Amino acid sequence: MNTAAENAKDIITSYKGRKLRIMEVCGTHTHEIFRQGIRNILPPDVELISGPGCPVCVTPVGYIDEAVMLALEKGAVVCTFGDLIRVPGSEMPLAGARSKGGDIRPVYSPLDAVEIAEREPDKEVVFLAVGFETTTPSACIAVKTAMKKGIKNFSILTANKTMPNAYRALMHSADAFLYPGHVNAITGTGVCKEMLSLGVSGVIAGFTASELLTALAVIIKKSETGEPFFENCYPRVVKDEGSPAALRLMDEFLEPVDTEWRGLGIIEKSGVKLRDKYSDFDARVKFSLPEIKGRSNPACRCGDVLQGKCKPTDCKVFGKGCTPLHPIGACMVSDEGACSAYYQYALND
Amino acid sequence: MDKNITLAHGAGGRQTNELIESVFKAHFANDTLTADDAAILDFGEVKLAFSTDGFIVSPYEFPGGNIGKLSICGTVNDLACMGAKPEYLTCAFVIEEGFPVDKLEEIAAAMEKTAAEVGVKFAAGDTKVAGKGQVDKIFITTTGVGRVDERAKTSGAFAKPGDAVIVSGDIGRHGCTILLARDEYGISADVTSDCAPLWHNVEAMLAASEDIHVIRDATRGGVGTVLYEIAGQSNVGIEIESEKVPVADEVKGVCGMLGLDPLYLACEGRLVIIVPQEDAVKVRDALRSCRYSKNAEIIGTVTESDPGKVILKTAIGAKTLLPQPRGELLPRIC
Amino acid sequence: MCVGLSAKVVSVEDGTAVIDAGGAKREVSAELLDELEPGDYVMVHAGVAIAKITDSDDDEAGEVMGLI
């Protein structure tokens, strides 16, 4: 570890004072913070809350049902990030659809799904497009590539989400946000500055141990001044302007829609769909999917967990009915989900 | 327990154990049935180790080996882990209609060569041909018997607080190689399988220390799964220093791309050894003097605290729990 | 939500780059980044190079701690 990170670690471990509630918005942050053991060096006056930034966790049950229907009833090849395969749907997860003969394939990139479509022209290939601003451009590039190559048997099922309105919905949930560095690599720092103008503090953080420690140290030190603050603690990746090319691409292909976040309900203009001129690539249009209302298990408190209203361990089913092997709620499924991280990494709970 | 078999039931993790407990043990349990890699059959003056293993790897050829080499290594290593010198093998082939004979020849040649390395002999075999599509090209099952070395008194239940934990080489290469050979993720890297027959390595360790507590081979669930099994069987905690676990750069790179942990990638030629602290360096050095275990490393200690758990000491000097093994490895991307 | 991997660019052609992370290589889309050259470091996510970056986080740590 470098000296600066050592200093940061000292600042964190020796903090004593007003209780600080910091929300790590990003699921990858949640995962890395646990994996590096950072949670276990925090002093009692610093509390980390795991926010809604795991796309798998906030993807509503009905979306899984749509994907299962595509695989089993429409006979499509369903390509997905591995993260989604175990998420429970109303009837079954995608893993269940696979054991019933559904053609479900984990891929590394949406572009791989385009290649599959090119290689297997007799099949309809659908990519499950989930994720935030970091991931969404890759889905746009996939559609663009398919168009360029004249591939007609490819489409995407969108559930992509955008962060700005989620921050607004959550602005009173914590004293400071640990902003998701890779989202900001695309969107730039504008959103964070806007939040600052609303009196909301936060820093953009990277993902290495050193980056997480220094970002947390900055939050602690800046909080002591009592003034709202914003700092970019991930300057090697995040520039103020973000990625103009990615923003242009998303604007070209997608339009904002109101969308459901599992546990949080509908948040206005926090999702996207393909613009009408690209509807040939929209799986919902192509397969005339009916509107599906998913049923989640009522005992599950994922929604409260995602808003920092309760800890995973406060949920009645946590670790009993709901475990990573037999998850009830989405927060237990994804490795980046708060409940799964608590269950898998927490030493003493 | 799920209603139908899923791929996770075959991944060597907790679901596999659930299946064994709820179906197989319910029908097969007896005094000899073992949770270790091989059963010990005690005939008085002679003690035999006895083990069986099925191989269904896809693709059946990969950098560093093929299904034939694998089928010998798997059973040889299961016997070696009980401190037994592999003596005789049987092998059963299930071959898909249409399978090329020259490929079968290559597989048999690899089996011959690997068996010769450790001096194990083929005693019997069986061949079945299944109709097109009824099996995926070729499946092999091998069964082996070995004579237990009298210096060997090892079991997954013998780890004691204070003991040192050793791995015999850099981890996860087999799993990584197969992942790349399937070419599902478009990643390439110069990685070859760690697949190797390890009897001579075990022999060298037994010569270096007569007080080895545990020898296990880390196979499909990787080193992480084996550590959890030992922690459970011995009712101890295991603390690993994550920086000391040897992992090849290429394997790290592939894991980085796919969000996987090398501790859960399969190995086919790696041992996890638990010995009293005072013998740790001797055993490690004995391993380093052998082919296939030049990168052996002491990676942690057995603790009295946290029984049943595996704790990682991370690069920043903090402790965290190693997540429990959980079946099918799925890339984590978004 | 966004596992990223920092990797070195090996070659660039027609909006596609080959990247290398510790010897693990893959083709990724370079569509979002103009003027990418071999030797550059990029952050890769889901098969797309999303940002040109500095590889090491050491200097950054000093810079960030300079904020306080």
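**Interfaces and local geometry**

Modeller: Chain A and chain B bury about 3,100 Å² between them, and carbon and sulfur atoms give 55% of that area. Buried area is the accessible area (1.4 Å probe) that two parts lose on being put together, summed over both. On the side of chain A, the residues that lose the most area to chain B are A:Tyr108, A:Leu325 and A:Leu347, together 23% of what that side buries.

Biologist: What should I know about the model itself?

Modeller: The model is predicted, so local features need pLDDT of at least 70 and side-chain atom pairs count only at pLDDT 80 or more, while totals for chains, interfaces and linings use all residues. Residues are numbered from 1 along each chain as its sequence is written, chains are lettered from A and ligands numbered from 1 in the order in which they are written, and side-chain values use heavy atoms, with hydrogens and water left out.

Biologist: How many residues does the contact take from chain A and from chain B?

Modeller: Chain A gives 39 residues and chain B gives 28 residues, where contact means heavy atoms within 4.5 Å.

Biologist: And how many salt bridges are there across the interface of chain A and chain B?

Modeller: The rule finds zero there. A salt bridge is a side-chain nitrogen of Lys or Arg within 4 Å of a carboxyl oxygen of Asp or Glu.

Biologist: What is the count of salt bridges between chain C and chain A?

Modeller: That count is three. One of them joins the side chains of C:Glu60 and A:Arg236 (3.8 Å, N to O). Chain C and chain A also bury about 3,100 Å², with 65% of it on carbon and sulfur atoms, and 31 residues of chain C are in contact with 51 residues of chain A.

Biologist: Changing topic, where does B:Pro59 lie?

Modeller: B:Pro59 is in the loop between strand E2 (47-55) and strand E3 (61-62) of chain B; strands (E, at least two residues) and helices (H or I, at least four) are DSSP runs, numbered from the N terminus. The peptide bond from B:Ser58 to B:Pro59 is cis, with omega near 5°.

Biologist: Which value does phi of A:Lys269 have?

Modeller: Phi of A:Lys269 is near 45°, a positive value in a residue other than glycine. A:Lys269 belongs to strand E11 (residues 265-274) of chain A. Most residues other than glycine have a negative phi, and most peptide bonds are trans.
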